[in-house]
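I opened my notebook and went through this structure piece by piece. Here is what I looked up, in the order I looked.

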Amino acid sequence: MPDLVTRRPQGLYCEPGDFYIDPWLPVARAVITHAHADHCRPGHGTYLAQRDALGLMRARLGDDAPLEGLGYGEARRIGDVTLSLHPAGHVLGSAQLRIEHRGEVWVVAGDYFVSGAGDCNTTCAPFEPVRCDVFVTESTFGLPIYRWAPQTEVLAEMRAWWMDCAAQGKQALLMGYSLGKAQRLVAGLATADAPGPVLVHAAVARLNAAYREAGIALPHVETVTPETNFKALRGALVIAPPAVQDSRWAKAMGAHSDAFASGWMRLRGARRRRSVDRGFVFSDHADWPGLLSAIRATGAQRVIVTHGDEGALVRYLTELGLQAEAFATEYGDETHGVEAAE
Amino acid sequence: MKGFVALYLALDASTSTLAKVAALKRYLAATPPRDAAWAVYLLAGGTPRRAVPTGELRALACEAAGLPEWLFEAGYAATGDLAEAIAYVLPDPEDKLDEPLSEWMENRILPLRALDAAARREAVLAAWRGLSADERFMFVKLVGGGFRVGVSKLLVQRALAEWSGADAAGIAQRMMGYTQIDTPPTAERFQALLTEDAGGSRGGQPYPFFLAHALPGEPSALGNRSDWLAEWKYDGIRAQVVKRDGQVWIWSRGEELVTERFPEVVLEASTWPDGTVVDGELLAWRHGESEPAPFALLQKRIGRTKLSKAILAEAPVRLLAYDLLESEGVDRRQEPMHLRRARLEQLGIATSPLVDAQDWPGLATAREASRERRVEGLMLKHRESAYGVGRVVGSWWKWKVAPLSVDAVLIYAQAGHGRRANLYTDYSFAVWSRAPRDAAEAEAALDATGGDLALVPFAKAYSGLTDEEIKRVDREVRRTTVEKFGPVRRVRPTMVFELGFEGIQASTRHKSGIAVRFPRMLRIRDDKPLHEADTLDTLRELMEIGPQGQADAGEDLADD
């Protein structure tokens, strides 16, 4: 039987269903795993995605984009295949695609995050392993040096840093990508017992609104505006996208300490290049143990590795006795430290 | 060790001098002298000998983490730092070892060298089982002999001074030799750093070296030529020679005692009056020659563990004095430069000659002859300048001759280390075997093998670019990668660089037959198409002009 999903110049393609998965060039029919820019690009004829992702996609693609939603676990017949979506734990509405064709099952996971012991993420449905014959996995952090501490522990470190800033009379500026990462931070830090006020950048506020519309109970946080009086705010924590670093926007905060939340902060070199005061290892991608446990849980005998450190993961899986190969994709930017969209 | 690890991370994360000094002071205030003694030793540049071979550390890490070697190496390549790679791949700790830094150093780390491989293995694995990721990182740095930190010795002295109330110059003076290898620091030695001298015997205690900055522009900006003394900047080993109590001590710039390696200089200095301290350059200089031998000869001698009669005859070393720091047992460092020089000459010590061109243009002309004289250029010192501490801007300047340069093609790239980890920052360069006729012939040669036109690798360089330029080159390397071998990428050449170097000489070790000294990138030649890069003949011509240098200078004893 020919492969159910192949790589074409436009992106990953499912022939018996005649649709593309997260294509990077315009196509007639796209199925989207999640709303990050490198996976959800403008210009396709129709878009099918998990229902909760539609608000985020609309924010990116415009109100008249031809979007259609599907709930997790709901089956849809497309051409000769049956498609269903399953939680990937990455961002709101992120989905693994389960594609069944004549008894063979492929799962294309998109980006995913596997919660460790003690993790509690209320901003999206947690990753659920789906049994399959062939598993298409990401490998953003596909090296054994990437092992995450439980996110609750990292949030506690962030909170300690925030309180330390406050004690020194400084505001705390915590940067992370506005879609997904920022909401994890808001949910984890703007708690009832937070040591000070939490504010967010307008870009984060827009996406927070989309999360709330999809039914996620994010805590209320103020949005930073030109009128925000930082002098009157003591010990505030501001959550903003990475682009604000050293900008006039950030200078308006007055004396502050800055930090960056990303899996890439695992590396000292990346931390120092970023030249922030603190780097927190806080990701919405699977770490090395997460990738391996996810792959194992699918029961797949064949694994196709996409964007990230494909080489190492493919070789390792091969040594474990699996049939493994790589697809070259145009998501993210391979192993390129903090420049990559996470 | 927890406190020291926290200090290291604070120093490593910050770029602010003020914040670093504050972190150091907080640490000193909270730490017993026995541990502070070690912290100061390590931060001021002390490096314990490697206690465990790095190959052994890698193998143990693979074993403890259950990883195949190639996979560990892939992680190492991504971090660019062995200690980091080991710290991150190991499983979470099983128990907690919470011991002070001095106990770690004295009871666990230094004794490792004397253990056999099996006992060493047990000791390392036990340490890893009991340490957090950050502590393991530090442990590997300390046992692997690769400990470095982003603070200068001056900064440590400043923090010690501010914290203790003692004078910083005095601390700097007493700290000379504190970080010597194989002399572990103690609480007593640490306390002595902070205690003013009672006037007793100072033994071989040297003074801190005074260093110069590179002259940023033209010397005319310095004002009157007559206010400045100009002397040749020799290319040897900067050293301080102390003669006191009938005994001679020779200190390198790295504050290592190197007395035994230069018996001729000891013999010469033993004739000086007691209470004499001279700053100068150690040079290989054959009798009767008008200029020193190439640095390569000195390096050859440094490389020998035993000084045979043959090597002493082949590479005799002499001291050429630059400055007088002490005479008649009196510290002369605050006296004006011209007076110190006059005293030096009175003592009859061979002194680096002054270059007496009347005006700046005349001096510039004299400087042109640097290569023939086998010097690096000129040193400009203000007549009235004191002998300061460390690298201070304003009264001493290095005015080196422009380096030799060629336009070369980038052919391989490797990711850097530390701050440059995960960025392609270390490059291999090539020149053409002969000049290509045109762009088309050059392009064709890139695809063909075995033709007479080819790119011949001749140098590696990793310094000279700005962060912005590095990012640009990094992108280009990724875009043009043809092959990956572990951490190294072969690219389809697209970029030409102007490469500068200090010396050039024939070499049998290099495929090109040529070795260059201190290669670095001067600029990216966006204006140069590939086929206009230089050729092997260009390099051979340069070899005929300059004095012969030697690639890969001995770093431990390298001068400033």
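**Entry 1: ground rules.** I am working with a predicted model, where local features need pLDDT of at least 70, side-chain atom pairs count only at pLDDT 80 or more, and totals for chains, interfaces and linings use all residues. Residues are numbered from 1 along each chain as its sequence is written, while chains are lettered from A and ligands numbered from 1 in the order in which they are written.

**Entry 2: confidence.** I checked pLDDT, the predictor's confidence in each residue, from 0 to 100. Chain A averages 92, and 96% of its residues score at least 70. I marked residues 333–342 of chain A, where pLDDT stays under 50. For that stretch the model has 31 contacts beyond four places in sequence; a contact means that the C-beta atoms of two residues, placed from the backbone, lie within 7 Å.

**Entry 3: a sheet in chain A.** I noted that helices (H or I, at least four residues) and strands (E, at least two) are DSSP runs, numbered from the N terminus. Two strands pair if DSSP finds at least two bridges between them. In chain A, 6 strands form an open sheet with mixed pairing, in the order β1-β2-β3-β4-β5-β6.

I then looked at β1(A) and its antiparallel partner β2 (residues 11–14) of chain A, which are joined by 4 bridges. Val5(A) stands opposite Cys14(A) in β2(A).

**Entry 4: two helices in chain A.** I followed α1(A) to helix α4 (residues 202–213) of chain A: they pack at an angle of about 145°, with their axes 8 Å apart. Gly55(A), Leu56(A) and Ala59(A) in α1(A) meet Arg206(A), Leu207(A), Ala210(A) and Glu213(A) in α4(A).

**Entry 5: two helices in chain B.** The axes of α6(B) and helix α9 (residues 133–144) of chain B come within 8 Å and cross at roughly 140°. α6(B) and α9(B) are therefore oblique to each other (under 35 degrees is roughly parallel, over 145 roughly antiparallel, 65 to 115 roughly perpendicular, and the rest oblique). Among the residues making the contact are Leu82(B) of α6(B) and Phe137(B) of α9(B).

**Entry 6: strands in chain B.** β12 (residues 404–415) and β16 (residues 488–491) of chain B pair in the antiparallel sense over 3 bridges. Ala413(B) stands opposite Arg489(B) in β16(B). β16(B) is also joined by 4 bridges to β15 (residues 481–485) of chain B, again antiparallel.

**Entry 7: where the chains meet.** How many residues does each chain give to the contact? I found 21 residues from chain B and 19 residues from chain A. On the side of chain B that touches chain A, α5 (69–79) and α6 (82–89) of chain B give two or more residues. α5(B) supplies the largest share, 5 residues.

Conventions: Axes are lines fitted to C-alpha atoms, for helices over the stretch in contact, and angles run from 0 to 180 degrees between N-to-C directions.
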